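Subject: Structure handed over, with notes

Dear colleague,

Please find below the structure I promised to pass on to you. My notes on what was found in it follow directly after.

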Amino acid sequence: MRLPDLTPRAGTTTTTGERAAAAAAAAATLAEPTTGAERRDAPRPASLPAEAPASLLIVDDRPENLLALEAILEPLHLRVVRANSGDEALKWILKEDFAAILLDVQMPGLNGFDTARIIKSRERSRAIPIIFLTAISKDEEYVFKGYEVGAVDYMFKPFNPDVLRSKVSVFVDLYRKQEQLRRQEQQLRESERRELELRHREQLVESQLRMAEVVGSAMDAIIAFDSDQRVTLFNAAAEQVFRRPRDEVIGRPVGELFPEPFRGEYLRAICATPAQRRAEDADAPADAPADAPADGGDGAAPQPRAFVGVRADGERFPIEASISCLDLGTTTVYTMIARDVSERQRAEEALRTQAVSLANTTAELRAANEELQHRQEQLEEAMRARNRFYASMSHELRTPINAIIGYNTLLLDHIYGPLNEKQAQGLQRTHKAAKHLLELVNDVLDLSKVEAGKIELSLQPVSFPSLVEDLFVTVRPMADEHGSTLSIEHDGESRTIVSDPRRVRQILLNLLSNAIKFGRGRPILVRVGGGPDGGVTVAVVDAGDGIAPADLPRVFDEFVQLQPAAASGSATVPAQLGGTGLGLPISKRLAALLGGTLEAESEVGSGSTFTLTLPKAVG
């Protein structure tokens, strides 16, 4: 059976009587509708009983349509609420919850789509199912718009009443199940609340028992007394502190625990309210006696106060106590937690004495530190002056030395005429001395640059062992002169690092020169291998007399020219091999500048090994 279409077609009009007649005919065809007056006007109670019917909101601007819908929905036994416009529907949604909403699309003022959009925008009504009913807006565009604003269905008039009742029934059942779940959840929360209360009661009893145990076993004296200043609690620690048995103190005035001269003053301070304590502290004279109570705190956070207690034998002793006051209405309970501070006061006095001594020592150390700092500054200034002098001296001396070497070379080459044998020997000695002096000046200049941090690195790929093989070409004449052979040992793998090739050559050239000079004509071996994290190690090994253990720590000191140990190892012989005493110190500093290390090992009679370790790249 289908419901007659009660919505007027475009271009037609109906009178009130005609609409009423049509509504009555539809109701008579289906079933007698309920009036719905009380349903429409009475708001839903705040908490419905379990058997309360679900509420359904029907919205249409035509009363006859509302009446017909009520008649169709009568078998569902629902509480039907009518709304004649979108605005009225929104007001009802603010008042109560609904299982579903049957909403007409075409209405004057706020139409169905706008009404649905507002309903879905509110948190409270967002989940209410909306079914659109229309006799005009049947195009797909309107259907799509209905679903877009949040409707669960879009039905055209005339429609099958059974289908409508079936769809509404589904949402009503869902609503009832949700309500049932909500009631069960409330019951569960109520059960949990009762269980929580029981648990809290158990915890309270347990806490009280634990508190009694804590009070009894506390290491501080805990004393409670009432508004009549009669002791009601005296724990075991209080018995030890005051040396009075509990049975003799319970019920006695608490003032008996303090000396007679201060008893009244102490009791006023203990029993005063926080405001009274603050006022008394503010009025206390600056020269108050040492035995007077100290600063008092407020009731929320009791602060320690200083008192003097008296034991059973009359002995006085200092105590520190915090006092709290609990007003129970009919009576007031005071609690005092006291501690014997005799030992602490003695310790504090000892600490004060130590603090004075420490302050004096600190002042002396500060003065000594200032003196050391002053001397350090003077030393640094002297080092800077020395470096400036080295640099200036080196630059000033190299010009005349180079001139001497140049003119000696011209004379030895017979540019200015022939020389006799003695003249040639003299010029050769002069030439050798000038070259040694130039070497010394250059080393001093390098050392001053390194110490002043003015060495600029030119980082490039450096390959091993090809760099060592190139150096062999340079030092081979010197090696041939001393009768030494040069050899290299490596695993056949070429290793490349990023470093300054000029400085690396300078270090290795110095090590090879030293090995040749002090190697006594024996073979010189260079071992090239891998270093940590992809770096490289180069070890220069000679078979000379070695360095005495006492001299090895000084091998990298400036201007130190060590004498090689004798072949027997029992004595040393003069080196007589020249050198400035700066080569190894400069090499050590250059290795550090390149991010590496230079180490020395030596054994008397077996020779020496100098090992250069360089990283894969300068950091």
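Two strands are taken to pair if DSSP finds at least two bridges between them. On that basis, and bearing in mind that this is a predicted model, strand E6 (residues 221-225) and strand E10 (residues 332-340) pair in the antiparallel sense, over five bridges, with Ala224 of the one standing opposite Thr335 in E10. Strand E10 also pairs with strand E9 (residues 316-327), again in an antiparallel arrangement, and here nine bridges join the two; Ser322, for instance, has Ile337 in E10 as its bridge partner. E9 and E10 together form a hairpin with four residues between them, and in the turn Gly329 has a positive phi of about 90°.

On the H15 side the contact is made by Arg503, Gln506, Ile507, Asn510, Leu511 and Asn514, while H16 contributes Gly583, Leu584, Ile586, Ser587, Leu590 and Ala591. Sorted by class, the residues in this contact are six nonpolar, five polar and one charged.

In the loop between E15 and H16 lies Gly546, which counts as buried because its relative accessibility is 7%, below the 20% under which a residue is called buried. The C-alpha atom of Gly546 is separated by 5.7 Å from that of Gly605, although the two residues are 59 apart along the chain.

Two places earlier in the chain may also be of interest to you. How many of the eleven residues of helix H3 (residues 63-73) are buried? Nine of them are, so the helix is largely enclosed by the rest of the structure; the buried residues are Glu64, Asn65, Leu66, Ala68, Leu69, Glu70, Ala71, Ile72 and Leu73.

The other place is Glu96, which is found in the loop between helix H4 (86-95) and strand E3 (100-104). Is Glu96 buried or exposed? At 2% relative accessibility Glu96 counts as buried, since the cut-off for that class is under 20%, and its side chain is joined to that of Ser55 by a polar contact of 3.4 Å.

With best regards

Conventions. Residues are numbered from 1 along each chain as its sequence is written. This is a predicted model: local features need pLDDT of at least 70, side-chain atom pairs count only at pLDDT 80 or more; totals for chains, interfaces and linings use all residues. Side-chain values use heavy atoms; hydrogens and water are left out. Contact means heavy atoms within 4.5 Å. Ala, Val, Leu, Ile, Met, Phe, Trp, Tyr, Cys and Pro count as nonpolar, Asp, Glu, Lys and Arg as charged, and the others, Gly among them, as polar. Buried means under 20% relative accessible area, exposed over 50%, partly exposed in between (1.4 Å probe, protein chains only). A polar contact is a pair of N or O atoms within 3.5 Å; within protein, one must be able to donate a hydrogen and the other to accept it, and residues adjacent in sequence count only if both atoms are side-chain atoms.
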